[in-house]
Amino acid sequence: MVYFAGMKPYILFGSSIIIIFILISAVASINKKDEIPEKHLEVVLREVGHQLLLTAKDSTSRVLPVKQLNENTYQISFQNDFGFISDTLINLVQRTFQKNGLANNYIVSLKNCKPKQTVFAFEINRQAGNLTPCGRRKLEVGCYAIEIEFLKKTTFNYFLLLLLIIPLSVVGFYVKNKFRKEDEKASIPDNNDYLQLGSFRFYADNNMLKTEDKSITLSEKETKALKIFAENINQVVEREKLMKEIWEDKGLVVISRNVDVLVSKLRKKLIDDNSIKFINVHGRGYKFIIE
């Protein structure tokens, strides 16, 4: 995220547009991959009709052209009347769809030609469970049409969520970082109440180090330690003095290692200025020098 903080607004906006375009393309590609080719679907549905006629001992009459009734519903019609057992249609549709990689969620309705009434129906649904009423029912010879409705998937589209989250996160981080920097600038008084330490201005009352292009926040202990070092430049500051004034005067008991850790943190925050150094004086403490 630090990378985005340094971006100019027009670069950030352009990057967000590119990310949105890539995600839209990915979603479109996945949705296209999930679609069943129209010609393949027609062949499979005609195969269902053909196999159903064969189970009814009819190898001569034709399966009529498959009709698309709406976006998700198709109709299989037959040239001649025939009869069969309901379980035959259930097993035949499931087996044929599985073999040809068709949908797992659908409703099959068997209807009379005239009057057009549903005489038998079943649902195959991986999420909600299968419904197959009227099993083993013998359907007398008659004119029938089979309607198959493919149920749309209701799974949550995480790509669309990413489509919203990623650009908003990038823009949100930029805005937050912009306001944070403005707040930091506003928090430093516009006066000379600071100590100049190399290229840094040290605002002890605000727990802040500042250069021309950035501000660095200090902890209370870091501020206290740096103030002690700044008052004793080029002099050895004893470990005992640091331990006493930073911790022990507040009723805290610490070991010498705490001083080393605190000095290490200050080194990292002052690392941009090579003229500032903390010299370890063995057995005594540290010397703060500015070359």
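Predicted model: local features only at pLDDT ≥ 70, side-chain atom pairs only at ≥ 80, totals over all residues.

A: Start with length. Helix H8 runs over residues 256-269, which is 14 residues. At 1.5 Å a residue it should span 20 Å, and its end C-alpha atoms lie 21 Å apart, so the two values agree.

Now the faces. Val259, Asp260, Leu262, Val263 and Leu266 are buried in H8. These residues cover an arc of only 165° around the axis, so they sit on the same side of H8. The general rule is that an α-helix has 3.6 residues a turn, so residues three or four places apart point the same way. Arg257 and Lys268 are exposed, on the face of H8 turned away from its buried side.

Next, the cover. The buried residues of H8 are covered by elements including helix H6 (220-230) and helix H7 (239-246). Strand S13 (276-281) and strand S14 (285-290) are also among them.

Asparagine 234 is found in the loop between H6 and strand S12 (236-238). Its phi is near 65°, a positive value in a residue other than glycine. Asparagine 234 has a relative accessible area of 47%, so it is partly exposed.

Lysine 57 also has a phi near 65°, positive in a residue other than glycine. Lysine 57 lies in the loop between helix H3 (38-55) and strand S1 (67-68). Its relative accessibility is 77%, so lysine 57 counts as exposed.

Last, a peptide bond. Lysine 114 and proline 115 are joined by a cis peptide bond, with omega about -15°. Proline 115 lies in the loop between strand S4 (106-112) and strand S5 (118-124).

Key
Residues numbered from 1 in each chain as written. Heavy atoms only, no water. Helix = DSSP H or I, 4+ residues; strand = E, 2+ residues; numbered from the N terminus. Expected span 1.5 Å × (residues − 1). Buried < 20%, exposed > 50% of the residue type's maximum accessible area, 1.4 Å probe, protein only. Arc of directions from axis to C-beta. Contact = heavy atoms within 4.5 Å.
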